[in-house]
Amino acid sequence: MPPTVLDEPATLARFDKIIALNGIGDHWLLHPNLAAHNSFFFLWDMARCPHYAPKPILLQHLKTLHKCYSFQHDDCRDFGLQFNSTMYAPSPKLLPKQDNFDILFLGVPKDRLSLLRHLHAQMQTMGLRTHLRVSITQDNPAQPEEKPGWLLTRDWLAYPDYLKLVQQSRCLLDVYQAGQTGFSLRVMEHIFFGCKLITNNAAIKLAEFYHPHNIFLLGEDDLTALPKWLNLPFVPIDAEIKRYYHIEEWAKRFI
């Protein structure tokens, strides 16, 4: 909601519950009008993430104002939060599925740039059509570079434009920063768009939607078998699983 709405108690009172998510600049979460309502805070970055999560002292303060949740079981245990899953709000308008790329990645470097470079080189050697786009943040000294199937850039791509690339891709690459086990947005796109997924999050093997035809585990599955795996048929994901991760059902789990 626009920040000015926080200064309008009557407007806030129209809502049964208010769910706030972390982002860049979280001081608005301390607004007294927000805390006066049935408010929840959802931390959808790792609690120890240095760039996107609230500082520990702020997180402790937020716990006095809101009911606080996390998508990571470890963070729930270590920081006294309640658990709720990652969620997704699928677009009602999807482009026809195309086959322009084998593997797509979009994200910021975090601590994974060297791994992304290595994977890109390996996939290129296999003759796979990659589109790995790494968006450099302001505090990162990396310099832009471009080569076949790889783009390191300071230009940001709007999410609707990214979804156009998803519709053109057979598989999404999901590389986690150290310590993260909660499911990323790439996992949600895998579920709702029916794209295959390559990930280094071993915790996904315990998920109800895991299927070895759909999900390739880096560090466990044989990387040389990746081209063959890509040609395995995608196993449809049950509608009840999609329903669970839909934003409407996710919102109901804040109590």
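**Reading cysteines, a helix and a sheet**

Guide: Start with cysteine 68. Its sulfur is 11 Å from the closest cysteine sulfur, that of cysteine 76, which is too far for a bond. Keep in mind that this is a predicted model.

Visitor: What is a disulfide?

Guide: A disulfide is a covalent bond that joins the sulfur atoms of two cysteines. To count one here, the two sulfurs must lie within 2.5 Å.

Visitor: How many disulfides does that rule give?

Guide: The count is 0. Cysteine 76 takes part in none, and its nearest cysteine sulfur, in cysteine 68, is 11 Å away.

Visitor: Is cysteine 68 buried or exposed?

Guide: Cysteine 68 is buried, because its relative accessible area is 6% and the cut-off for buried is under 20%. Cysteine 76 also counts as buried, at 11% relative accessibility.

Visitor: On to helices. Why do some residues of an α-helix point the same way?

Guide: An α-helix has 3.6 residues a turn, so residues three or four places apart point the same way. Now take helix H3, residues 56–65. Leu58, Leu59 and Leu62 are buried there. They lie on the same side of H3, because they cover an arc of only 100 degrees around the axis.

Visitor: Which residues are exposed on the other side of H3?

Guide: Pro56, Ile57 and Thr64.

Visitor: What covers the buried residues of H3?

Guide: The cover includes strand E2 (39–43), strand E3 (67–70) and helix H4 (73–79).

Visitor: Now the sheet. In what order do its strands run?

Guide: Read across it: E7-E8-E6-E5-E9-E10-E11. That makes 7 strands in an open sheet, with mixed pairing. From one strand to the next, the twist averages 15 degrees.

Visitor: In what sense do E9 and E10 pair?

Guide: Strand E9 (residues 169–174) and strand E10 (residues 196–199) pair in the parallel sense, over 4 bridges. Find leucine 172: leucine 197 in E10 stands opposite.

Visitor: Which strands does helix H7 touch?

Guide: Helix H7, residues 185–193, packs on the sheet and touches E5, E9, E10 and E11. The direction of H7 makes about 155 degrees with that of E9.

Visitor: Which strands does helix H5 lie across?

Guide: Helix H5 (residues 113–125) lies across strand E5 (101–107), strand E6 (130–135), E7, strand E8 (150–153), E9 and E10. H5 runs at about 165 degrees to E6.

Technical notes:
Residues numbered from 1 in each chain as written. Predicted model: local features only at pLDDT ≥ 70, side-chain atom pairs only at ≥ 80, totals over all residues. Heavy atoms only, no water. Pairing = 2+ DSSP bridges. Helix = DSSP H or I, 4+ residues; strand = E, 2+ residues; numbered from the N terminus. Axes fitted to C-alpha atoms, helices over the stretch in contact; angles between N-to-C directions. Contact = heavy atoms within 4.5 Å. Buried < 20%, exposed > 50% of the residue type's maximum accessible area, 1.4 Å probe, protein only. Arc of directions from axis to C-beta.
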